[in-house]
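Visitor: Please take me through one part of this structure slowly, and link it to what surrounds it. I would like the cut-offs as we go.

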Amino acid sequence: MAERRRELLAGLSGEVVEVGAGHGVNFAHYPAEVARVVAVEPEPRLREQAEAAAADAAVAVEVVSGVADRLPVADHGVDAVVFCLVLCSLPNVAAALAEARRVLKPGGQIRFLEHGRADTRGLARAQAVLDATGGAARAGSPAHRRRRVEAGAGEPEGCGV
(Lines give C-alpha, C1' and ligand atoms only; values in the text may rest on other atoms or scores of the structure.)
Protein backbone atom coordinates (compact mmCIF):
# COMPACT_ATOMS: atom_id res chain seq x y z
CA MET A 1 0.00 0.00 0.00
CA ALA A 2 2.91 2.37 0.66
CA GLU A 3 3.90 2.15 -3.02
CA ARG A 4 0.39 3.10 -4.11
CA ARG A 5 0.45 6.08 -1.75
CA ARG A 6 3.82 7.19 -3.19
CA GLU A 7 2.42 6.87 -6.73
CA LEU A 8 -0.67 8.86 -5.77
CA LEU A 9 1.40 11.75 -4.42
CA ALA A 10 4.35 11.64 -6.85
CA GLY A 11 4.87 14.82 -8.82
CA LEU A 12 2.76 17.04 -6.58
CA SER A 13 4.06 20.49 -5.73
CA GLY A 14 2.91 23.70 -4.10
CA GLU A 15 -0.11 23.82 -1.81
CA VAL A 16 -2.14 20.62 -1.35
CA VAL A 17 -5.37 19.78 0.48
CA GLU A 18 -5.77 16.21 1.68
CA VAL A 19 -9.43 15.42 2.33
CA GLY A 20 -10.10 12.91 5.10
CA ALA A 21 -6.48 12.70 6.19
CA GLY A 22 -7.25 10.10 8.85
CA HIS A 23 -4.30 9.47 11.11
CA GLY A 24 -1.81 10.99 8.65
CA VAL A 25 -0.36 7.89 7.01
CA ASN A 26 0.12 9.77 3.71
CA PHE A 27 2.23 12.56 5.21
CA ALA A 28 5.45 10.56 4.93
CA HIS A 29 4.91 10.12 1.17
CA TYR A 30 4.53 13.74 0.04
CA PRO A 31 7.41 14.84 -2.20
CA ALA A 32 9.71 17.66 -1.08
CA GLU A 33 8.26 19.94 -3.79
CA VAL A 34 5.05 20.23 -1.77
CA ALA A 35 5.24 23.50 0.15
CA ARG A 36 2.33 22.75 2.47
CA VAL A 37 -0.42 20.21 3.06
CA VAL A 38 -3.70 21.27 4.61
CA ALA A 39 -4.92 17.98 6.07
CA VAL A 40 -8.69 18.08 6.59
CA GLU A 41 -10.09 15.54 9.05
CA PRO A 42 -13.52 15.73 10.73
CA GLU A 43 -12.95 13.07 13.42
CA PRO A 44 -11.23 14.47 16.56
CA ARG A 45 -9.38 11.27 17.53
CA LEU A 46 -7.96 10.81 14.04
CA ARG A 47 -7.12 14.51 13.84
CA GLU A 48 -5.06 14.16 17.03
CA GLN A 49 -3.17 11.22 15.54
CA ALA A 50 -2.66 13.18 12.30
CA GLU A 51 -1.16 16.06 14.27
CA ALA A 52 1.41 13.66 15.74
CA ALA A 53 2.22 12.34 12.24
CA ALA A 54 2.48 15.91 10.93
CA ALA A 55 5.21 16.66 13.46
CA ASP A 56 7.36 13.95 11.85
CA ALA A 57 6.56 14.82 8.22
CA ALA A 58 9.26 16.09 5.85
CA VAL A 59 6.83 18.70 4.46
CA ALA A 60 4.79 21.30 6.33
CA VAL A 61 1.41 19.85 7.32
CA GLU A 62 -1.41 21.80 8.95
CA VAL A 63 -4.12 19.52 10.35
CA VAL A 64 -7.54 21.18 10.46
CA SER A 65 -11.11 20.24 11.26
CA GLY A 66 -13.45 20.16 8.30
CA VAL A 67 -15.57 18.10 5.94
CA ALA A 68 -15.23 17.26 2.27
CA ASP A 69 -18.11 19.39 1.02
CA ARG A 70 -17.05 22.51 2.99
CA LEU A 71 -13.26 22.69 2.82
CA PRO A 72 -11.67 25.42 4.97
CA VAL A 73 -9.67 26.75 2.00
CA ALA A 74 -10.08 29.85 -0.18
CA ASP A 75 -11.42 29.67 -3.71
CA HIS A 76 -8.66 28.71 -6.18
CA GLY A 77 -6.21 28.44 -3.26
CA VAL A 78 -4.42 25.13 -3.84
CA ASP A 79 -2.50 23.28 -6.54
CA ALA A 80 -3.94 19.84 -5.77
CA VAL A 81 -6.64 18.06 -3.80
CA VAL A 82 -5.99 14.50 -2.63
CA PHE A 83 -8.63 11.91 -1.74
CA CYS A 84 -7.13 8.66 -0.41
CA LEU A 85 -9.50 5.86 0.58
CA VAL A 86 -12.14 8.35 1.66
CA LEU A 87 -14.63 8.92 -1.20
CA CYS A 88 -16.51 5.71 -0.38
CA SER A 89 -17.36 7.00 3.08
CA LEU A 90 -18.76 10.35 1.95
CA PRO A 91 -22.52 10.81 1.85
CA ASN A 92 -22.30 13.10 -1.22
CA VAL A 93 -19.32 12.45 -3.49
CA ALA A 94 -20.54 14.90 -6.13
CA ALA A 95 -20.56 17.74 -3.56
CA ALA A 96 -17.06 16.80 -2.40
CA LEU A 97 -15.74 16.82 -5.97
CA ALA A 98 -17.44 20.16 -6.67
CA GLU A 99 -15.82 21.56 -3.53
CA ALA A 100 -12.44 20.23 -4.68
CA ARG A 101 -12.90 22.06 -7.98
CA ARG A 102 -13.77 25.25 -6.08
CA VAL A 103 -10.51 25.28 -4.10
CA LEU A 104 -8.25 24.30 -7.02
CA LYS A 105 -6.18 26.86 -8.86
CA PRO A 106 -6.64 26.83 -12.64
CA GLY A 107 -4.73 23.83 -13.95
CA GLY A 108 -4.77 22.15 -10.52
CA GLN A 109 -5.15 18.43 -10.02
CA ILE A 110 -7.55 16.16 -8.17
CA ARG A 111 -5.83 12.90 -7.23
CA PHE A 112 -7.54 9.90 -5.71
CA LEU A 113 -6.84 6.36 -4.63
CA GLU A 114 -10.06 4.56 -3.81
CA HIS A 115 -11.68 1.19 -3.28
CA GLY A 116 -15.21 -0.11 -3.40
CA ARG A 117 -17.35 -3.09 -2.65
CA ALA A 118 -15.70 -6.36 -3.57
CA ASP A 119 -17.05 -8.35 -6.51
CA THR A 120 -16.59 -11.69 -4.75
CA ARG A 121 -19.38 -12.81 -2.45
CA GLY A 122 -17.17 -13.78 0.52
CA LEU A 123 -15.16 -10.55 0.59
CA ALA A 124 -18.30 -8.46 0.04
CA ARG A 125 -19.86 -10.18 3.05
CA ALA A 126 -16.74 -9.42 5.14
CA GLN A 127 -16.94 -5.76 4.06
CA ALA A 128 -20.61 -5.66 5.11
CA VAL A 129 -19.62 -6.93 8.56
CA LEU A 130 -16.94 -4.25 8.80
CA ASP A 131 -19.47 -1.61 7.76
CA ALA A 132 -21.91 -2.80 10.41
CA THR A 133 -19.32 -2.70 13.18
CA GLY A 134 -16.87 -0.01 12.04
CA GLY A 135 -16.57 3.75 12.26
CA ALA A 136 -18.22 4.37 8.88
CA ALA A 137 -21.41 2.72 10.09
CA ARG A 138 -21.35 4.74 13.32
CA ALA A 139 -21.03 7.89 11.21
CA GLY A 140 -24.08 6.83 9.19
CA SER A 141 -22.20 6.13 5.97
CA PRO A 142 -21.32 2.51 5.10
CA ALA A 143 -17.90 2.57 3.45
CA HIS A 144 -18.41 -0.29 1.01
CA ARG A 145 -21.81 0.50 -0.46
CA ARG A 146 -22.07 0.17 -4.21
CA ARG A 147 -21.34 3.56 -5.77
CA ARG A 148 -19.59 4.65 -8.95
CA VAL A 149 -16.97 7.33 -8.44
CA GLU A 150 -16.49 9.35 -11.58
CA ALA A 151 -14.98 12.82 -11.46
CA GLY A 152 -17.33 15.30 -13.02
CA ALA A 153 -20.31 12.92 -13.02
CA GLY A 154 -23.61 13.71 -11.40
CA GLU A 155 -24.48 12.09 -8.08
CA PRO A 156 -22.43 8.88 -8.19
CA GLU A 157 -24.14 5.59 -7.49
CA GLY A 158 -21.25 3.60 -6.01
CA CYS A 159 -17.65 3.44 -4.98
CA GLY A 160 -15.10 2.84 -7.70
CA VAL A 161 -11.57 1.62 -7.91
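**Around a loop and its strands**

Guide: Let's start at His 76, which sits in the loop between β3 and β4; helices (H or I, at least four residues) and strands (E, at least two) are DSSP runs, numbered from the N terminus. Before going on, note that this is a predicted model, where local features need pLDDT of at least 70 and side-chain atom pairs count only at pLDDT 80 or more, while totals for chains, interfaces and linings use all residues. Residues are numbered from 1 along each chain as its sequence is written, and side-chain values use heavy atoms, with hydrogens and water left out.

His 76 has a positive phi, near 50 degrees, though it is a residue other than glycine. Its relative accessible area of 48% makes His 76 partly exposed, a class lying between buried (under 20%) and exposed (over 50%), with a 1.4 Å probe and protein chains only. Leu 85, in the loop between β4 and α3 (93-103), is also not a glycine and has a positive phi of about 60 degrees. At 34% relative accessibility, Leu 85 is partly exposed.

Now step back to β3 (residues 60-64), which pairs with β2 in the parallel sense over 5 bridges; pairing requires that DSSP finds at least two bridges between the strands. Here Val 38 stands opposite Glu 62 in β3. β2 also pairs with β1, again in the parallel sense, over 6 bridges, and Val 17 stands opposite Val 38. Of the 7 residues of β2, 5 are buried. Between β2 and β3 comes helix α2 (residues 44-55), and the three make a right-handed β-α-β unit: with the strands pointing away from the viewer, the path from the first strand over the helix to the second runs clockwise.

In the loop between β1 (14-19) and β2 (34-40) you will find Phe 27, buried at 1% relative accessibility. Beyond its neighbours within four places in sequence, its contacts (heavy atoms within 4.5 Å) include Ala 39, Ala 53, Ala 54 and Val 63.
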